[in-house]
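Open the model in your viewer and keep the sequence panel beside it. The tour goes stop by stop, with something to select at each one.

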Amino acid sequence: MMVDNHGEATVAAAARPRVRGRPKQRSDEDERQRIVSVAREQFLDAGYGATTMDGVAARCGISKKTLYRLFPAKTDLFRAMIADHRRTMLALPRPDDALPLAEAIAAIFRLDIDENENRERLAFIRLAMADADRFPEIGEAITLEGAEPARRLLADWLARQQERGALRPFPPQAAARMLMDMVFGVLVKRFPGEGLLKQEERLAHAQRCIDVFLHGLAPRSEPA
């Protein structure tokens, strides 16, 4: 009996599913997130002033047309980077849970990250702070996409803790500003010649800031 190998191959090929058209492209949102991640490295390497949209497009491996469609200007890209970076600084919004307040706040400020991750997130902050005086759009982006939304989210969380009686009444926006100043003060600011605190020193200082904050806003007993 003769076996028609050609016929078998034809049948097998017909049984295989056909791949139609090009492979599925990334969605605009996925592409935006990828561009923001890659552009962050470009800004850290070259600084804000020396970074160009042409350079970002080349580093991302996309056309300038695609980049400008998703981010019409360098300021739009930088603002998206600030908004994305905000989430590395404060883990908010956060659902209410059974954690003690000190542990919940430590989680919000992401005090459990390792030293390398902490250095990476602080490098972007220092880049923005260093160039803010020369480029007013940086300061505006930090305020509109970073500081104000972060403070608002933290204030909302603190207000909910007040509503359930875990904290005494106090203007939530003011409380959020104080807490952010206390914890971020040791993370971001330093005197000339002073090195960044080691991880254990950073955690210990931030924890003390949280303890002082919670002690100041602890519910007060009503007088008899």
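Is Arg 110 buried or exposed? Select Arg 110 and show the surface around it. This is a predicted model. Arg 110 has 18% relative accessibility, and the cut-off for buried is under 20%, so Arg 110 counts as buried. Now check the backbone. Phi of Arg 110 is positive, about 55 degrees, although the residue is not a glycine. Its place is the loop between α6 and α7.

**The whole chain**

Zoom out and colour by secondary structure. The protein chain has 10 helices and zero strands. Starting at the N terminus, the elements run α-α-α-α-α-α-α-α-α-α. Of its 224 residues, 37% count as buried. Switch to the accessible surface, which comes to about 13900 Å². Carbon and sulfur atoms account for 55% of that surface.

**A loop with a cis bond**

Select Leu 92 and Pro 93. A cis peptide bond joins Leu 92 and Pro 93, with omega about 5 degrees. Pro 93 sits in the loop between α5 and α6 (101-108).

**A charged residue in a helix**

Go to helix α2, residues 28-46, and pick Glu 31. Why does Glu 31 count as buried? Its relative accessibility is 9%, and buried means under 20%, so Glu 31 falls in the buried class. Which residues does Glu 31 touch, leaving out those up to four places away in sequence? Show Arg 26, Ile 62 and Leu 70: these are its contacts.

**The largest pocket**

The largest pocket has a volume of about 650 Å³. Its lining has 22 residues; select the ones closest to the centre, which are Ile 125, Ile 142, Ala 147, Met 180 and Phe 184. Then highlight the helices α5 (74-89), α7 (115-131), α8 (136-163) and α9 (172-188). Each of these helices supplies at least two lining residues. Colour the lining by residue class: 13 are nonpolar, four polar and five charged.

**Cysteines**

Select Cys 60. At 5% relative accessibility, Cys 60 counts as buried. Move to Cys 209. Cys 209 has 10% relative accessibility and also counts as buried. How many disulfides does a search of the whole structure find? The search finds zero.

Definitions and conventions. Residues numbered from 1 in each chain as written. Predicted model: local features only at pLDDT ≥ 70, side-chain atom pairs only at ≥ 80, totals over all residues. Heavy atoms only, no water. Disulfide = S-S within 2.5 Å. Buried < 20%, exposed > 50% of the residue type's maximum accessible area, 1.4 Å probe, protein only. 1 Å grid on protein atoms, 1.4 Å probe; cavity = no way out; pocket = protein on both sides within 12 Å on 5 of 7 lines; lining within 4 Å. Points joined across faces, edges and corners; volume = space filled by probe spheres on them. Helix = DSSP H or I, 4+ residues; strand = E, 2+ residues; numbered from the N terminus. Nonpolar A, V, L, I, M, F, W, Y, C, P; charged D, E, K, R; others polar. Areas by Shrake-Rupley, 256 points an atom, 1.4 Å probe, with all protein chains shown as cover. Contact = heavy atoms within 4.5 Å.
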